[in-house]
Amino acid sequence: VTASDVPAEIVFLRNLTIGSIGIDILHLQRFLYGLGYTDVPFENLGNVEIGYFGTTTRDALARFQTAAEIKPAAGFFGIKTRKYINNMLRFIGR
């Protein structure tokens, strides 16, 4: 899995935090995993392709935010982080 495995049509549009559910969370997890945050699990609900934003996703996202100098680096996927990642995804050769 690499960051470029996130489908080309994906644009992150909403805030994500602990307890959020959706396919966009799986895409975020794949993105983080592809950047080397390999401890991020694909926290899903059973075998269903619906991601779950749990504490390990939050912690991996916080480390990414720290590395990217996004403040606060609290593991909340809000407008600053969405904009940063959406811009990254435009330029990684998807």
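**Close-up 1. Helix H1 passes helix H2 in a left-handed crossing.** Left-handed here means that the near helix is turned anticlockwise from the far one by less than a right angle. The model is predicted, so local features need pLDDT of at least 70 and side-chain atom pairs count only at pLDDT 80 or more, while totals for chains, interfaces and linings use all residues. Residue numbers start from 1 along each chain as its sequence is written, and side-chain values use heavy atoms, with hydrogens and water left out. H1 covers residues 23-34 and H2 residues 55-67; their axes come within 11 Å and cross at roughly 50°. Helices are DSSP runs (H or I, at least four residues), strands are E runs of at least two, and both are numbered from the N terminus. Axes are lines fitted to C-alpha atoms, for helices over the stretch in contact, with angles running from 0 to 180 degrees between N-to-C directions. H1 and H2 are therefore oblique to each other (under 35 degrees is roughly parallel, over 145 roughly antiparallel, 65 to 115 roughly perpendicular, the rest oblique).

**Close-up 2. Here are the residues where H1 meets H2.** From H1 come Gln 29, Phe 31 and Leu 32; from H2 come Thr 57, Ala 60, Leu 61 and Phe 64. Contact means heavy atoms within 4.5 Å.

**Close-up 3. Phe 31, Tyr 37, Phe 64 and Tyr 84 form one aromatic cluster.** Rings of Phe, Tyr and Trp (its six-membered ring) pair if their centres lie within 6.5 Å; planes under 30 degrees apart are stacked, over 60 edge-to-face and the rest tilted. The structure holds four aromatic pairs. In one of them, Tyr 37 and Phe 64 have ring centres 6.3 Å apart and planes at 80°, so the pair is edge-to-face. Tyr 37 sits in the loop between H1 and strand S2 (51-52), 27 residues from Phe 64 in helix H2. Both Tyr 37 and Phe 64 are buried (under 20% relative accessible area; exposed is over 50%, partly exposed in between; 1.4 Å probe, protein chains only). Phe 64 also makes an edge-to-face pair with Tyr 84, at 5.9 Å centre to centre and 75° between the planes.

**Close-up 4. Asp 24 is found in helix H1.** With 17% relative accessibility, Asp 24 counts as buried. Leaving aside neighbours within four places in sequence, Asp 24 is in contact with Phe 12, Arg 14 and Leu 16.
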